[in-house]
Amino acid sequence: MRNRSNSGVRLDYYQRLLNKTILKYQNPVTGLIPSSEENSHAWVRDNVYAILSVWALALAYRKTADLDEDRAKAYELEQSVVKLMRGLLRCMMTQVEKLEKFKHTQHVDDSLHAKYCSQTGRTVVGDKAWGHLQVDATSLFILSLSQMTASGLQIIFTLDEVSFIQNLIFYIETAYRTPDYGIWERGDKTNHGLPELNSSSIGMAKAALEAINELDLFGARGGPLSVVHVLPDEAQQCQAILHSMLPRESNSKEVDAALLTVISFPAFAVDDYEKVEETRDTIMLKLEGKYGCCRFLRDGYKTAQEDPNRLHYEPWELQVFERIECHWPMFFALSVLDGLFNGNKEQVKKYAEKLDSVLLKTDEGIYVLPELYTVVKDKVELEYRTPNSQKREAIGKIPHKWGQSLYIISKLVQEGFLSPGELDPLNRRLVSEPKPDIVVQVVILAEDEYIQSKLLEHDIKVQTMDEVRPLQVFPARVLTQIYSLLGRNKKLGLTGRPKNEIGLLATSKLYTFHDQILAFIPQMADEHQFYLPKDTLLKLDMFANDMGFLSSYWRYLGRPLVIFPVSTNLNYLDVGHNPPGALIGTIKKLQSGYIAGTRVHLGNLADFVTTSCITKLSFLRDPSHGEEVKKFIGDIFNKAPDIRPRLLSSTRMRPRPRSHSRSSVHGIVRRSRSIQVDPDQAQERGSSQSYIEYPREYPMPQHPSSPSLHLKGSLHPLHYSHQAPCSSPQLSHFFHQGGLPPGKQESISINELVEQLSNTEVLHEQADIIHYLYLHRGPDWEIKIDGRKCCINELLVELYEKAGHWKHWGLVRHTAGLLKKRVEELALAATDLLVRQKQLSVGLPSDREKVIMRPLPPDDLAKIIFEACGEDLSTASLTQELLIYLAMFIRTEPKLFNEMLRLRVGLIIQVMASELARTLKCSGDEASEHLLNLSPFEMKTLLHHILSGKEFVINTEHTNVEDECRLSVSTKKVGEEATEFAKLSRKPYAKMQKSIPNLDPEELEKEDDVESDRQGQWLRRRRLDGALNRVPVGFYPRVWKVLKMCHGLVIEGHNLPHSLTREMTPGEFKFALHVEIVLNKIPQPEYRQLMVEALMVLTLMAENDAGKLQFSQLIQVDRIVQMANTIYLKDQKIPIDVVERSRGAAGICLHFYDTAPSGRFGTMSYLCRSLATILPIPIDKDANLDCTLS
């Protein structure tokens, strides 16, 4: 046991130290602590860090108090803490209008201020006069408020203040997609006022969201209304983005010492122990010095070379700060605390000694920690030559209150006055401890008794929606509406939570409201406006992915619960109204207890009430809230079905004469598409179109809940004409010219088109006519069909529903584009990609390609996509679809995106079509048609194969409709060949067999020989890697070294100047983006990849020359590639006529593209020889070249 008198003496010493260095500055009115005696500005972040030591000393006194005097000291210190925290709260509450606005805009001008006047609590600078948006500061306030409240302090007094704190949560919950100015208030390190996405801000926000969730802000005296709520998906998003960024801080800072506050005290935001170790090691390796740590590389703040007359830096001058960055000793205090919390005694000893060595002793005999240590001006040159060799001078604030506070806390824990757990009553330090395996509970609910009976035929017993009562099941959008009431406060003018979509983690809980238990259907199974849920296979695949997601990210008491509804209107029944095999197979897997490697438990909803996570909707205590909830529940379930009049009756079929008007617009939908396998196709489109035959009528069993589609033939698979498509000369002329003949547009009779529309039952004919009318008369133009009025938009909606019902995916995508449909998760998907340091571009390269560099609102993003795709509305829909799949992959398989900085969706679409053309051995136009007719699930599968580089084959699968088959994508097995030519996704089987070319056995043997030699493998590999912008590991830092040794690199006429090395560090993300921008100017993916290989040869030279080579010239990279191709052709002795026939992109021989990189005759060998020919590389006296590349 510690001697009581000694303990008292030491605590009194720390109280005196606090009074002399921190508390003596606290304003008696506002409770705020100014920056210094001369500067009355009080920063939110600095104030919170400063007061943490006061709180820690209060806990120490409370713990060891035996006398009334000790209890009095503890209470006095606690009230100082409450005074400051409430002072900050009051300052922020005076800006409630900005808080309300920021929830919806996330704009820097609408953010809460970062500092206030310590004397009055008012703002001290204008909205645009400072980098106020600092999410980490607000998050630190919320985190500290949570920990202090959990320790027994009462800081929040009224329900109005509870509402404000609840809205502060909404303020920080979008941190994962909100660029801010960060912990150093500078944003980009040039300090030009450019906000960035900062890991330290995201980590602090994640910690705050998790700490305050379900916390009663009134402590032991509180009730349901004083509890604050956080939706779990927001914290999970922050976690996912944080993990993807670490150890990087931001685009301009490859690492930052501030990340110590994220991986350790006070945030403990990272639950991956390996990621914690990697981040800590990176910080210490790159930033640690004798007197502390640099904040980040090339930090010019307070250095001798900094110009004190301006805040910003010129990009070129950042290099002068390298090796002389100031050392901040407070990071030694953080390292001591880190060692204390993780039990590393060696770390504690090492950094405690370093910390003691940088303390200063005042005239009063107390030890203080200075803000930073700098190299004096006359020692700068010596420090440049030998880093960490010169004695540094303490400057800045002495004491530095933030650092002084961390020093005192570390000493209190070191000397045993506090244990780590007492500084962390919410147990955040245990976040990286192993968690038990998660079992996901699954409930399958049938829409009605008919579906229940159909499933029972397969020995699958499920409940209907009515049978689960008194438990109530609602769609996810009801939960969105309910949470929109959270934090609403009329007195403060707060409207509550923005109506953002609810994620899977939130819908996997049960909720109690007025003694009722509510369950919610996940968003992915809810009614959607976009067409993806129409594909049962895709929905089942997404369901399996969701099981894995819950298994990885569930961190709450109780098990997750997922409700899976089966209904007719969501396409869970096939044409014969039987459950499809894929659905039955998925349910059987659930019954076995495992699906996609995740443990599951299938059962009834009532069985899971006791084992599920239950959240009380305690904020719905206001009577008006209850009425609102009942209102939107009633709006959803009492809404009358939307029954439109039958516009095109199938009961009045009578033959009508064929009109040339149909022929005049025939194929107009297909001609609106712009996907090209090769860029050279642009001038040739329309000359090689293929024609499609469609299946005959096949009657569909009737069912009371069948959708009431209104176009003719809607209750059957569509009746298709088997007449030759080119039966009329006008059609043939139009088809081969790629558009309507000149002067013929005016000659088309609209009345004849309307008559033909009401008469035809061929889906593609209906689509062509409606498309023409939409373009030339607009969506609101009214026509009469069989005496009934309707507008073109109504016809489009019917066509969309009909095409979706019969799985005509090409038409589904086209009509979705015409209707300007936007996938609900579009903005979230794009954000998932962007915040993981991936840029996006949409539109086909290169004229229409548009780059997306930051998160955008859904409508703005959809507008950009439609503008980029122009008249090709099918590609606009496909672009949205692929963004959803890319976001799914980057969440579940982030390794697929390694070494990829920009995802060019348009180029990916072209490569997908190219891969289909290669596999099916068909023309580019046919491949594009096949691509657009793939089902969403097959499209996702094909995209996965493209990203992973796996070989695949295309198979034909029969459907339940007579003679109908579709394409399916699967991984190529050993010895399997993809030689069968598969026609479009809906083609009669007999017709398809006729279309397969009859191959001679000798030709088959030749083809086998070609396959065995893997001809085309490297061309394909380069084309894929180029389209995906994939580069070798460590590529960009190595290019930086090449740029350091020359005046610049020229790639296709675009210059990468040497000055970039003065602006940016090798590992800086901004530098990688500069290189990527230049490489993306190359339109041909395979040529781009050869450029990357040429750059790799240059990097090998730079790494192996030991600093000998310096080139006083620009290096022409494309010239190196062209010369290598010339040497290759000369070596291989390829005849001139063969060379001419085999010219590929940029004039490079296709055989060179298809050559492996390694080996004596590999591309790298030829690039090395080209390099030696072009560059003035030194030679010895015997004219020998010393090669170090091999």
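Glutamate 306 is buried, with a relative accessible area of 17%, where buried means under 20% relative accessible area (1.4 Å probe, protein chains only). This is a predicted model, in which local features need pLDDT of at least 70 and side-chain atom pairs count only at pLDDT 80 or more, while totals for chains, interfaces and linings use all residues. Residues are numbered from 1 along each chain as its sequence is written, and side-chain values use heavy atoms, with hydrogens and water left out.

The side chain of glutamate 306 meets that of arginine 186 in a salt bridge (4.0 Å, N to O); the term stands for a side-chain nitrogen of Lys or Arg within 4 Å of a carboxyl oxygen of Asp or Glu. Arginine 186 lies in the loop between H6 and H7 and glutamate 306 in the loop between helix H10 (273-287) and helix H11 (330-342), so the pair ties together parts that are 120 residues apart in sequence. Helices (H or I, at least four residues) and strands (E, at least two) are DSSP runs, numbered from the N terminus. Arginine 186 counts as buried too, at 10% relative accessibility.

## Other salt bridges

The structure holds 50 salt bridges. Another of them joins lysine 940 to aspartate 541, with the closest N and O atoms 2.4 Å apart. Because lysine 940 lies in helix H34 (residues 936-948) and aspartate 541 in helix H19 (residues 536-553), this pair ties together parts that are 399 residues apart in sequence. Lysine 940 is buried at 9% relative accessible area, and aspartate 541 counts as buried at 19%.

## A lysine without a salt bridge

Now for a contrast: lysine 838 sits in the loop between helix H29 (826-834) and strand S20 (839-842). Lysine 838 is buried yet has no salt bridge, and the nearest side chain of opposite charge, glutamate 899, is 7.7 Å away. (Lys and Arg count as positive, Asp and Glu as negative; His and the chain ends are not counted.) A polar atom of the lysine 838 side chain does lie 2.6 Å from the backbone oxygen of methionine 900.

## Charges over rings

Two aromatic rings carry a charge over them, which calls for NZ of Lys or CZ of Arg within 6 Å of the ring centre and within 35 degrees of the ring normal. The charged end of arginine 86 sits over phenylalanine 157, 3.9 Å from the ring centre. Lysine 401 lies over the face of tyrosine 25, at 4.3 Å from the ring centre.

Conventions
Buried < 20%, exposed > 50% of the residue type's maximum accessible area, 1.4 Å probe, protein only. Polar contact = N/O pair within 3.5 Å; in protein donor to acceptor, adjacent residues only side chain to side chain.
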